[in-house]
Amino acid sequence: MAPSPFIIVAIDGGAASGKSSSSRTLSERFNLLHVDTGSFYRAVTAELLRRGAPATDLAAVKTVLADLKLGTRLNGRSAMMEIGGRVVPDAEIRSLDVNTWVATYSAIPEVRAALLDYQRGQANTARQHGFRGLVMEGRDIGSKIFPDADLRFFLFADPNERARRRQQQGFQDQVAKRDTIDSQRLNESLRGATVIDSTFLTLEQVVEQMAAAVAAKLGEAPAHR
Ligand SMILES: Nc1ncnc2c1ncn2[C@@H]1O[C@H](COP(=O)(O)OP(=O)(O)O)[C@@H](O)[C@H]1O
Ligand SMILES: Nc1ccn([C@@H]2O[C@H](COP(=O)(O)OP(=O)(O)O)[C@@H](O)[C@H]2O)c(=O)n1
């Protein structure tokens, strides 16, 4: 029997479009490494804020970036970024301060360049730990990080619905403002991707669409749940 292929699944989309929920489920169902690149940008943002490097001071930002010692720790099937051996706690990376600044820092080319190889290197982490592939979520995964991904999804949902979802999660977050700052990257990752509009779909319906495509890539018969 041919060995199962190693697959890369890219999921891009705006804030609260359902990227994390769907990629976590796919990760569990198919034994794929789950990589939330938004959490990486959030961790780096928290570090830049902690070290007093404002987004307007490129020299200060570059100094902090040059000094970042990035590592990866696995938490179940999820890859967590370590900075100097420490995983930035979830409460910190989801704080109002980080929500407010993350898109601004993420728009700085030097910040993106600092994370490029680190993100691509997650494929090696997945291989080393015996995963069948990885599912990576973000804004530019299908366009910049893994343009040759086996599957490229773009999750769309009406902005009001996304704002409602985020509010229900109990977070203070300016979803629309981040979307505007992220818009160029979002448009690029939309091109050529399989678009799923989740505005009127349940999370389960979204996952079933994705799971059918993943199963086909892995050479499995689709599971009926
Ligand atoms: N299709 C959907 N219908 C209703 N709620 C959803 C749907 N997809 C995701 N959600 C909910 O919306 C919130 C944001 O989803 P999440 O996966 O964190 O989005 P993202 O990772 O894109 O920011 C979560 O509470 C999630 O349960
Ligand atoms: N691949 C990525 C992932 C996130 N980001 C930035 O990081 C921010 C936070 O990403 P996230 O995925 O945690 O955001 P949510 O979709 O969960 O709200 C985004 O608004 C982007 O500005 C990015 O620029 N590129």
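How many helices and strands does the chain have? The chain of this predicted model has 12 helices and eight strands, where helices (H or I, at least four residues) and strands (E, at least two) are DSSP runs numbered from the N terminus. Residues are numbered from 1 along each chain as its sequence is written, while chains are lettered from A and ligands numbered from 1 in the order in which they are written. Because the model is predicted, local features need pLDDT of at least 70 and side-chain atom pairs count only at pLDDT 80 or more, whereas totals for chains, interfaces and linings use all residues.

Figure 1. The C-alpha atoms fill a box of roughly 55 × 40 × 30 Å along the principal axes. The radius of gyration (taken over C-alpha atoms) is 17 Å, which agrees with the value near 17 Å for a compact globule of 225 residues; the globule rule is 2.2 Å times the number of residues to the power 0.38. Of the 225 residues, 39% count as buried (20 or more other C-beta atoms within 10 Å of the residue's own; exposed means 12 or fewer, and partly exposed lies in between, with C-beta atoms placed from the backbone). Among contacts (C-beta atoms, placed from the backbone, within 7 Å) between residues at least 6 apart in sequence, 77% join residues at least 24 apart. An unreviewed UniProt entry carries the annotation "domain: Cytidylate kinase" over residues 9-214; its positions are given in the numbering used here, feature names are shortened, and annotations may be inferred rather than shown by experiment. Over residues 9-214 the chain is 54% helix and 19% strand, with the end C-alpha atoms 8 Å apart.

Figure 2. The shell holds 15 residues, of which Gly18, Lys19, Ser20, Ser21 and Arg165 come nearest; a residue is near a molecule or strand if its C-beta atom, placed from the backbone, lies within 6 Å of it. Helix H1 (19-30) and helix H12 (203-218) each give two or more residues to this shell, and H1 gives the most, with three. The shell divides into five nonpolar, eight polar and two charged residues (Ala, Val, Leu, Ile, Met, Phe, Trp, Tyr, Cys and Pro count as nonpolar, Asp, Glu, Lys and Arg as charged, and the others, Gly among them, as polar).

Figure 3. Ala16 lies in the loop between strand S1 (7-13) and H1. Phi of Ala16 is near 60°, a positive value in a residue other than glycine, and Ala16 counts as buried because it has 25 C-beta neighbours inside 10 Å. Asn31 lies in the loop between H1 and strand S2 (33-36). Its phi is likewise positive, near 55°, but Asn31 counts as partly exposed, with 16 C-beta neighbours inside 10 Å.

**Figure 4. Strand S2 and its pairing with S6.** In a regular strand the side chains alternate between the two faces of the sheet. Both faces of S2 are covered: Leu33 and Val35 on one side, and His34 and Asp36 on the other, are all buried. S2 pairs with strand S6 (residues 133-138) in the parallel sense over four bridges; pairing requires that DSSP find at least two bridges between two strands. Within this pair, Val35 stands opposite Met136 in S6.

Definitions and conventions. Contact = placed C-beta atoms within 7 Å.
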